[in-house]
Protein chains: 2
Amino acid sequence: MKLTTFSDYAFRVLIYLASTGESASLSELAQAYGISRNHLVKAVNTLEKNGFVRTRRGVGGGISLARPASEISLVEVALSTEPNFTIVECFDYENNTCRIAGACRLERILQDATRAFMAEIGKYTLADITGNSKVLLKLIARSSA
Amino acid sequence: MKLTTFSDYAFRVLIYLASTGESASLSELAQAYGISRNHLVKAVNTLEKNGFVRTRRGVGGGISLARPASEISLVEVALSTEPNFTIVECFDYENNTCRIAGACRLERILQDATRAFMAEIGKYTLADITGNSKVLLKLIARSSA
DNA sequence: TCATTGTTGCATTTTATTTACAACTATAGC
DNA sequence: GCTATAGTTGTAAATAAAATGCAACAATGA
Ligand code: SF4
Ligand code: SF4
């Protein structure tokens, strides 16, 4: 069970933007985390399409938060970046082949468990996880030096 | 985010055994769910190694529960069949490359969320999800006919 | 007009998962 | 003991999903 690194990259972008409080270019983000610019492209794109960040092309452009960090719920982010939450095949009603789907009580339990997972993440906003922005930025600066 | 079908197959095996209350052969299990015998082999093997089922070779052999269904916690099963719960890369301390690991608050939140997921599953035992064994067996019988 | 910076779509590589297979060992019954 | 049954083991192939790379493009500000 894991999230895609795609989702995690999206989180890292948001964390960076909220920590600096400024806008940043794709290249800057890539350098900050030591990951290829290409990897970030899609993540940033998805964030933009879902209204979490604003982007501006051209000189002086870049990526910035579209709303205050305190209004960006972590669960919303996860829901929009993660391709799916099909924990078991029966969750995908259309393609299910399991013969006991419908009567299987495990299905419901796994749904509840997934909801519990989401609820836990939903307790926090981007602001909650960037209160220690100085430490975060220091770590990033040190590694990217 | 998803569990491997490997884990789900393990659950299906346990559900079947608990529902019939008898032992079953790999072939019988495969036929019951309409999945290839080969797929089940590893799942059953893992279940055996973790003490959930007992196996007997030879004529009249087969697979049966190693303990009462009421003593088989669903979370234990998931923990032993799922290859890992590395939600994000920093969970795997050895191979982590994320520069903010350690200071990142998201890490802790995701750990809590995972624990919440587990706790939810841990509320139930195999007995809890096979109270409707008749319905389950009927569904299986109908589809495998 | 130009350098900068994000956008888009596609191709490739890599990894994880799923599935298949075959030779092997144990068991029960005759 | 022989034989059919049934699980065991290790490996390999196929598939699917994710991760990564690239290049041509479009917008923007100086
Ligand atoms: S119905 Fe039950 S056994 Fe079948 S896929 Fe869903 S959870 Fe698994
Ligand atoms: S430290 Fe934070 S950003 Fe880095 S991998 Fe862990 S959760 Fe993701």
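Buried here means under 20% relative accessible area, exposed over 50%, and partly exposed in between, with a 1.4 Å probe and protein chains only. Keep that handy for the tour.

You are looking at a predicted model, where local features need pLDDT of at least 70, side-chain atom pairs count only at pLDDT 80 or more, and totals for chains, interfaces and linings use all residues. Residues are numbered from 1 along each chain as its sequence is written, chains are lettered from A and ligands numbered from 1 in the order in which they are written, and side-chain values use heavy atoms, with hydrogens and water left out.

Stop 1: Helices (H or I, at least four residues) and strands (E, at least two) are DSSP runs numbered from the N terminus.

**Stop 2: over to chain A.** Pick A:Asp8 and A:Arg12, another salt bridge at 2.9 Å. A:Asp8 is buried at 10%, and A:Arg12 is buried at 4%. Shared partners join A:Asp8, A:Arg12 and B:Glu89 into one network.

**Stop 3: the interface.** Show both chains. Contact (heavy atoms within 4.5 Å) links 46 residues of chain B with 46 residues of chain A. Across this interface there are two salt bridges. On the side of chain B that touches chain A, α1 (5–20), α2 (26–33), α5 (105–122) and α6 (133–144) of chain B each supply at least two residues. Colour α5(B), which gives the most, with eleven residues.

**Stop 4: α2 of chain A.** Select residues 26–33 of chain A; the buried ones are A:Leu26, A:Leu29, A:Ala30, A:Ala32 and A:Tyr33. They cover an arc (taken from the directions from the helix axis to the C-beta atoms) of only 160° around the axis, which puts them on the same side of α2(A). What covers them includes α1 (5–20), α3 (37–49), β2 (62–65) and α6 (133–144) of chain A. Step past the helix to A:Gly34, whose phi is positive, near 70°.

Notes
Salt bridge = Lys/Arg side-chain N within 4 Å of Asp/Glu carboxyl O.
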